[in-house]
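The following paragraphs lead through a structure residue by residue and contact by contact. Please keep the sequence and the coordinates at hand while reading.

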Amino acid sequence: MRTTILFGGSNKERLVSVASTKALHAALPEADLWFWEADDTVHQASGTALVAHAKPFEEPFTADGPRIGTLVEALDRARAEDRVLVLGLHGGRAENGELQLMCELRGVPFTGSSSAASHLAFDKVAAKRFAVLGGVTAAEGVALDDAEAALARYGRLIAKPVKDGSSFGLIFVNASQDLVAVKAAAATEEYLIEPFVTGTEATCGVLEQADGSLIALPPIEILPADGAFDYFAKYLAAATKEICPGRFSPEVTAALQTEAIKAHRALSCGGYSRTDFIVSANGPVYLETNTLPGLTAASLYPKALAAHGIAFVDFLNQQIALAEGRSRRSRVR
């Protein structure tokens, strides 16, 4: 099949997508590049333009190739030309299952989780519910109307968009006036509010093998700049430290890996995923699961792959093989 990297998208994480695709292109230089524009059209892009784009986290990318058509037309072409899509995408319709369903309906193979798993994981409330049913420990949710009382009870809260990446819109509630910001944000989109859990931030990747078995990658310890692992801390702040493997005890490392696999299975993820935790005094506490985690040269998942001894290009080729296999099995059914 013809490998095509689809990147960009119509949401605010499109800059991260471009950065991920620079790493994908370096590993898969023969793959075609299709750029999903903010206006929902798709253009071809050259590797030359992508490599020359020096500040992907800060400046928008402009495709230099011909227009393919709308996203629907591009997916129809992918099906007609027997393409497999490597998804260098993040957030929005790229991660909430909509794109995945459009591919599934056309029989277009793609890397990552199915539409159903993507949709479930993208909803932090639903994902947490399923993860808990799968045996994972998570903090209890707080209703917006009860936030004032919860703040008095717990001392600190954290609020984040239910259906968006936590890089954007993260609000730390340390005092009553912070609830004003939460209420204003919740007026435009649904927010998840939880007690603030004190501990070390950690993340753990899960990787599907050729035989369908799962392995957990080495957990990563995160020391964010200014204490908040938001967009700036993740991609722009030099002071953020990501230690891989994390400096956890063997018991905590094993617990993080076990919990990550539980979450992956509970959400029916496919291919690969990355689950975020807070390591509290009582052990790991679930935050969220990413079905399309960042794959930039500095991202957490590639760091964990390297620590486990897996080359990035081998990981990608295995994901492409898994995508093609799932598509073939689906067609037979």
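A260 touches C204, V206, T275 and F277 when residues up to four places away in sequence are not counted; contact here means heavy atoms within 4.5 Å. A260 lies in helix 11, where helices (H or I, at least four residues) and strands (E, at least two) are DSSP runs numbered from the N terminus. With a relative accessible area of 0%, A260 is buried; buried means under 20% relative accessible area, exposed over 50%, and partly exposed in between, for a 1.4 Å probe and protein chains only. A260 and G141, 119 residues apart in sequence, are 20 Å apart in space, C-alpha to C-alpha.

The model is predicted, so that local features need pLDDT of at least 70 and side-chain atom pairs count only at pLDDT 80 or more, whereas totals for chains, interfaces and linings use all residues. Residues are numbered from 1 along each chain as its sequence is written, and side-chain values use heavy atoms, with hydrogens and water left out.

A147 lies in helix 8 (residues 147-154) and is buried, at a relative accessible area of 1%. Leaving out residues up to four places away in sequence, A147 touches V142, L157, L179 and I193.

V72 is in helix 3 and has a relative accessible area of 37%, which makes V72 partly exposed. The contacts of V72, not counting residues up to four places away in sequence, are M102 and R106. V72 and S299 are 227 residues apart in sequence and 30 Å apart in space, C-alpha to C-alpha. E98 is found in helix 5 (residues 98-106) and is likewise partly exposed, at 39% relative accessible area. The C-alpha atoms of E98 and E288, 190 residues apart along the chain, are separated by 19 Å.

The packing of helices can be followed in one example. Two packed helices are described by the angle between their axes and the distance between the axes. For helix 6 (residues 115-122) and helix 7 (residues 124-133), the angle is about 105 degrees and the axes are 5 Å apart. Axes are lines fitted to C-alpha atoms, for helices over the stretch in contact, and the angles run from 0 to 180 degrees between N-to-C directions. Helix 6 and helix 7 are therefore roughly perpendicular to each other, given that angles under 35 degrees count as roughly parallel, over 145 as roughly antiparallel, 65 to 115 as roughly perpendicular and the rest as oblique. In this contact, L120, A121 and F122 of helix 6 meet K124, A126, A127 and F130 of helix 7. The residues of the contact of helix 6 with helix 7 comprise 6 nonpolar, no polar and 1 charged; Ala, Val, Leu, Ile, Met, Phe, Trp, Tyr, Cys and Pro count as nonpolar, Asp, Glu, Lys and Arg as charged, and the others, Gly among them, as polar.

How many aromatic pairs does the structure hold? There are 9 aromatic pairs. Among them, F7 and F35 form a tilted pair, 5.0 Å centre to centre, with 55 degrees between the planes. Rings of Phe, Tyr and Trp (its six-membered ring) pair if their centres lie within 6.5 Å, and planes under 30 degrees apart count as stacked, over 60 as edge-to-face and the rest as tilted. Because F7 lies in strand 1 (residues 2-8) and F35 in strand 2 (residues 32-36), the pair ties together parts that are 28 residues apart in sequence. F7 counts as buried at 0% relative accessibility, and F35 is buried at 1%. Elsewhere, Y272, Y301, F312 and F315 form one aromatic cluster. The charged end of R156 sits over the ring of F196, 3.8 Å from its centre; the criterion is that NZ of Lys or CZ of Arg is within 6 Å of the ring centre and within 35 degrees of the ring normal.

The backbone remains to be considered. Most residues other than glycine have a negative phi, and most peptide bonds are trans. The peptide bond from C244 to P245, however, is cis, with omega near -5 degrees. P245 is placed in the loop between strand 12 (241-243) and helix 11 (250-266). D82 has a positive phi, near 55 degrees, and lies in the loop between helix 3 (71-80) and strand 5 (83-88). S268 has a positive phi near 60 degrees, in the loop between helix 11 and strand 13 (272-280). D82 is partly exposed, at 36% relative accessible area, whereas S268 counts as exposed at 51%.
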